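Dear colleague,

Please find below the structure I am handing over to you. My findings follow it.

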Amino acid sequence: MAKRAGNLGRLDDAARAGWLYYVAGRTQDEIAAAMGISRQSAQRLVSLSVAEKLIKVRLDHPIAVCMELAEGVKKKYGLRQVEIVPTDPGSDAAPTGVAEAGAAELERWLKQPDPLIIAMGTGRTLRAAVDQLSPMECPQHRIVSLTGNISPDGSAAYYNVIFSMADAIKARHFPMPLPVLVSSRAERDLLHQQALVRPTIALGTRADVTFVGIGEIDPQAPLLLDGFLQPQEVESLMQAGATGEICGWTFDADGKLLDNPVNERVASIPLPSRDTSCVIGLARGRRKHAAIRAALRGAHINALITDEDAARFLLQS
């Protein structure tokens, strides 16, 4: 689990199980499946929610609001799963809460005994989530990067998470040995045909679960701050209606990928099919609200981890 106080974490889990059982009307088997635990553990958590007086007429715990918001967002956008964390009123930029929830969700997948292909995008929130992972041995899984790991100056891309993740979980990992952006569509197509690249692309398309960050397109866009795009390129994207990006792929307010020279230069693997992969987006902060909504409208993701403020925006807009 993500690094947090043990007793508080257990009460959070008990509150979640209690809400699912008493408010959402889920069975203990369904709770166990949703939380990635055994039926016996689910039963104990439901009992703990009563013993700790978290359950009265309603769930007497702040997480109840988050879970109600999560259910609303899940139904509105037809998502597989949604995790909503409390908004930190003291910071709109730090990935607090979402990173911890992302780490916990990632660990649930990593603890599965059957071999999985886990695809990873890039971004600050995703990097913060990976930094929260507990050390574990996961030789049965394969971790694949969706994005290139080379910056414009030839250095390693700082927010590419594949190497730090592999160090934490001791799993086989498959980086994309390419720049994040190349010079042209022709160069991208040529590089994707290279013998060292084709297996990684093929692996990424078969991912069982995918974790990605969601970036905004504005004068402070991550692609600009990290040196992948020039100011005039970002300005051109904004004029073309760009709202957000995932793994470098830019899209408009309705989630439609832009027919733009920048998208022609993206070397990233296209996101795995949402029919076969659980594609989980992680993002928070007011500046990202429109980008998160666009990613949902375009069905680029089918699962979401965000905060209360973003959830309310998604439900009201």
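A residue is called buried when its relative accessible area is under 20%. Please bear in mind that this is a predicted model.

By that cut-off, T243 counts as buried, because its relative accessibility is 16%. T243 belongs to strand β7, which covers residues 242-246. Beyond its neighbours within four places in sequence, T243 is in contact with G215, E216, I217, F251, D252, A253, A290, A291 and A294. G255 stands 12 residues from T243 along the chain, and the C-alpha atoms of T243 and G255 are 8.2 Å apart.

I turn next to the sheet. Strands of a sheet pair through backbone hydrogen bonds, in either a parallel or an antiparallel manner. Here, an open sheet is built from 7 strands with parallel pairing, and their order is β1-β10-β9-β5-β2-β3-β4. At its edges are β1 (81-85) and β4 (172-179), each of which pairs on one side only. From one strand to the next, the twist averages 15°.

Strand β1 runs parallel to β10 (residues 303-307), and 5 bridges join the two. Among the residues involved, Q81 has A303 in β10 as its bridge partner. Helix α4, made up of residues 63-77, lies across both β1 and β10, and its direction is at about 145° to β1.

Yours sincerely

Key
Residues numbered from 1 in each chain as written. Predicted model: local features only at pLDDT ≥ 70, side-chain atom pairs only at ≥ 80, totals over all residues. Heavy atoms only, no water. Pairing = 2+ DSSP bridges. Helix = DSSP H or I, 4+ residues; strand = E, 2+ residues; numbered from the N terminus. Axes fitted to C-alpha atoms, helices over the stretch in contact; angles between N-to-C directions. Contact = heavy atoms within 4.5 Å. Buried < 20%, exposed > 50% of the residue type's maximum accessible area, 1.4 Å probe, protein only.
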